[in-house]
Amino acid sequence: MKKVTLINHPLVQHKLSFIRDKNTGSKDFRELIEEVAMLMCYEVTRDMPLEEIEIETPICTTKAKALSGKKVGIVPILRAGLGMVDGMLKLIPAAKVGHIGLYRDPETLKPVEYYCKLPSDIGERDIIVTDPMLATGGSAADAITLLKQRGAKSIKLMCLIAAPEGLEYVSEQHLDVDIYTAAIDEKLNDHGYIVPGLGDAGDRLFGTK
């Protein structure tokens, strides 16, 4: 299995508990998702390269560090992945945002693509795919395949909660993709939902059923 990073920072775990709670309404749910995504972004971007630059402080001239190398692209899997984008953009405001629309067929549980709009320079960017729930792994794996077909070379997957089945499937399909998650749950139920999970992330984000 490709590297899976469990982000167990106390603030992330604390906020994730409220995200899971069925009594958390859409407004608080959206805000918490955004906050956790921003916190997780620290870990996902930990290996970004730096270069030395020269700046002038109020006291003197000195050497300092600045980001170098590839630019970043954030690609949420619609629609739930949208909830994680704003938190990440607060830390990486220069990132470009693409969108991939996939839905799960309720009978086959297989993902179906219905929308794809990506930055034209996707091959030059470090891509972070966002989706709160990594359940069967089908949607995430298909989204990553689609990104590779369109030229993406550096891809990471970031989710809040993952099922072991989803981690295994994505890792088998994409050996070169690192996965970041705030929790690895017990299993999938007969309907393809993560147990204990948090329910349907999209419905809870947008107040739909």
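Visitor: Leaving aside neighbours within four places in sequence, which residues is Ile194 in contact with?
Guide: This is a predicted model, in which local features need pLDDT of at least 70 and side-chain atom pairs count only at pLDDT 80 or more, while totals for chains, interfaces and linings use all residues. Residues are numbered from 1 along each chain as its sequence is written, and side-chain values use heavy atoms, with hydrogens and water left out. Contact here means heavy atoms within 4.5 Å. Once neighbours within four places in sequence are set aside, Ile194 is in contact with Met133, Leu134, Ala135, Ile161, Ala162, Ala163, Asp185, Lys187 and Leu188.

Visitor: Is Ile194 buried or exposed?
Guide: Ile194 is found in strand S13, which covers residues 194-195; helices (H or I, at least four residues) and strands (E, at least two) are DSSP runs numbered from the N terminus. Buried means under 20% relative accessible area, exposed over 50%, and partly exposed in between, with a 1.4 Å probe and protein chains only. Because its relative accessible area is 7%, Ile194 counts as buried.

Visitor: At which residues does UniProt place the feature "binding site" together with Ile194, and which of these does the lining of the largest pocket include?
Guide: UniProt positions are given in the numbering used here, with feature names shortened, and annotations may be inferred rather than shown by experiment. The unreviewed UniProt entry places this feature at Ile194, Gly199, Asp200 and Ala201. On a 1 Å grid over the protein atoms alone, a pocket is an open set of points where a 1.4 Å probe fits, with protein on both sides within 12 Å along at least five of seven lines, and lining residues have an atom within 4 Å of a point. Of these residues, the lining of the largest pocket includes Ile194, Gly199, Asp200 and Ala201.

Visitor: Where does Gly137 lie, and is Gly137 buried or exposed?
Guide: Gly137 lies in the loop between strand S9 (133-134) and helix H4 (138-149). With a relative accessibility of 5%, Gly137 counts as buried.

Visitor: Which residues does Ser139 touch, not counting residues up to four places away in sequence?
Guide: Ser139 is found in helix H4, and with a relative accessible area of 18% this serine is buried. Not counting residues up to four places away in sequence, Ser139 touches Ile77, Leu102 and Pro111.

Visitor: How many disulfides does a search of the whole structure find?
Guide: A disulfide is a pair of cysteine sulfur atoms within 2.5 Å. For Cys116, the nearest cysteine sulfur is that of Cys159, 20 Å away, and Cys116 is in no disulfide. Over the whole structure, the number of disulfides found is zero.

Visitor: What percentage of the 209 residues of the chain count as buried?
Guide: The secondary structure of the chain comes to six helices and 13 strands, and along its principal axes the C-alpha trace spans about 65 × 40 × 30 Å. Among contacts with a separation of 6 or more, residues 24 or more positions apart account for 65%. Of the 209 residues, the share that counts as buried is 44%.
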